[in-house]
Amino acid sequence: MREETKSGRTRKRGADSPAAVWKEKESLDGKVVDAGVIILQTTGCSHFHRGGCSMCGYNIGSTGNSEPSDISKQFTRAIEELGHVDMLKVYTSGSFLDEREVPIEQADRILRHCADSHTRLLFESRPEYVTQETLERVLGIHDGLELALGLESANDRVLKYSINKGFTVKDYDDAVRVLRGNRVDIRTYVLLKPPFLTEAEAVADAKATVAHAAEGSKTISLNPVNVQKGTFVEKLWRNWAYRTPWLWSVLDVIRASKDCGKRIVCDPTGGGKERGAHNCGKCDDVILDSIRGYSQTQDASRLGAPECDCREIWKSVVDLEGFVMGGTVDLQRFFRKQRA
Ligand SMILES: [Zn+2]
């Protein structure tokens, strides 16, 4: 799960064009700077080809036909489009360190560009590609790095049965050890509400995962599940068997985690909409603004929340869902559809 999918930007199709490019604000060493976001088209996440994660739709449209030389062309085009930025976030929908996805020569070119232009680089990788050998190669070219790891949950059962993540908490911990040994800053993604968890279980799982991730990370990105096209989660959702998390739950996790000593960022993809984290529709925008305000400033006083009747409904769901066979998944959506 990633922050950038909120964009909804159209995907360009040509193999030598990046999937998407845009600028956004990012906090770097206590200052707000311009960051360029580049999504490269690659052959796709290796784990997707093995079945993939239950909530991830990033690879659904990937053709698997991209040529290594295309990656350089995509990157060059993106850089021209972006102009000067202080930070680059280069995403591949998989792992930047997976040589099958981003061949070494192409990865090195991107690293060299960042080294030459003194640009901080953030990229993502599954933990299995984070090895001492690979890091030595990467850091030999550019050491202004932040590496993002999608831990999602610090519970192996959730990783295996709810997400199908294809790695364990120990795999994440091992990668963290190697990264810290090389003084690389770590950003960890924490998922809120994978399928098959009640709202209360999901909140507890995310809180525990943030606490685990805080030990080794500089930044923690809390990502409420959004229903992406073509995913297993979408199938459940269409069958009234899944509801995305309430924004009250997102607030609850952030409030409980804000004193963990690490930066916590959250910008719910599709927030306020049926496919994203949402409340009743009346209080969503105010809460989303407060979450975004907190993410940028880390100022807990920004985490205000309006009084809204739906908070009582959320509380009832949290209290009772575990006792109801078959779940209470999303009766509001059901009845609203019936009335329409
Ligand atoms: Zn409300």
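**View 1. Ile60 sits in the loop between β2 and α1 (68–82).** Helices (H or I, at least four residues) and strands (E, at least two) are DSSP runs, numbered from the N terminus. This is a predicted model, in which local features need pLDDT of at least 70 and side-chain atom pairs count only at pLDDT 80 or more, while totals for chains, interfaces and linings use all residues. Residues are numbered from 1 along each chain as its sequence is written, and side-chain values use heavy atoms, with hydrogens and water left out. With a relative accessible area of 40%, Ile60 is partly exposed. Here buried means under 20% relative accessible area, exposed means over 50%, and partly exposed lies in between (1.4 Å probe, protein chains only). Leaving aside residues up to four places away in sequence, Ile60 touches Phe48, Lys229 and Gly230; a contact means heavy atoms within 4.5 Å. Ile60 and Thr231 are 171 residues apart in sequence, yet their C-alpha atoms are 8.2 Å apart in space.

**View 2. Strands β1 (residues 20–28) and β2 (residues 31–39) form an antiparallel pair.** Nine bridges link β1 and β2; two strands pair if DSSP finds at least two bridges between them. Ala20 stands opposite Ile39 in β2. The hairpin of β1 and β2 has two residues between the strands, and Asp29 takes a positive phi near 50° there.

**View 3. β2, β3 (residues 87–91) and β4 are linked by parallel pairing, with β3 paired to β2 and to β4.** The pairing of β2 with β3 runs over five bridges, and Gly36 has Leu88 in β3 as its bridge partner. Four bridges join β3 to β4. Leu88 has Leu121 in β4 as its bridge partner.

**View 4. Strand β4 (residues 120–124) is largely enclosed by the rest of the structure.** Five of the five residues of β4 are buried. Arg120, Leu122 and Glu124 point one way from the strand, and Leu121 and Phe123 point the other way. Both sets are buried, the charged Arg120 and Glu124 included.

**View 5. Strand β6 (185–192) pairs with β5 (residues 145–152) and with β7 (219–224).** Six bridges join β5 to β6, and the two strands run parallel. In this pair, Glu146 has Asp185 in β6 as its bridge partner. Six bridges also join β6 to β7, again in the parallel sense, and Tyr189 has Ser221 in β7 as its bridge partner. Seven of the eight residues of β6 are buried, so the strand is largely enclosed by the rest of the structure.

**View 6. The loop between β6 and α6 holds Lys193 and Phe196, each with a positive phi.** Most residues other than glycine have a negative phi. Lys193 has a positive phi of about 75° although it is not a glycine. Phe196, also a residue other than glycine, has a phi near 75°.

**View 7. Helix α8 (residues 247–257) is largely enclosed by the rest of the structure, because eight of its eleven residues are buried.** The buried residues are Leu247, Trp248, Ser249, Val250, Leu251, Val253, Ile254 and Ser257. Their cover includes the strands β6 (185–192), β7 (219–224) and β8 (263–265). It also includes the helices α6 (199–214), α9 (284–297) and α10 (310–320).

**View 8. The whole chain has eleven helices and eight strands.** A compact globule of 340 residues would have a radius of gyration near 20 Å, and the chain agrees with its 20 Å. This radius is taken over C-alpha atoms, and the globule rule is 2.2 Å times the number of residues to the power 0.38. The C-alpha trace spans about 55 × 40 × 35 Å along its principal axes. Buried residues make up 54% of the chain. Among contacts between residues at least 6 apart in sequence, 75% join residues at least 24 apart.
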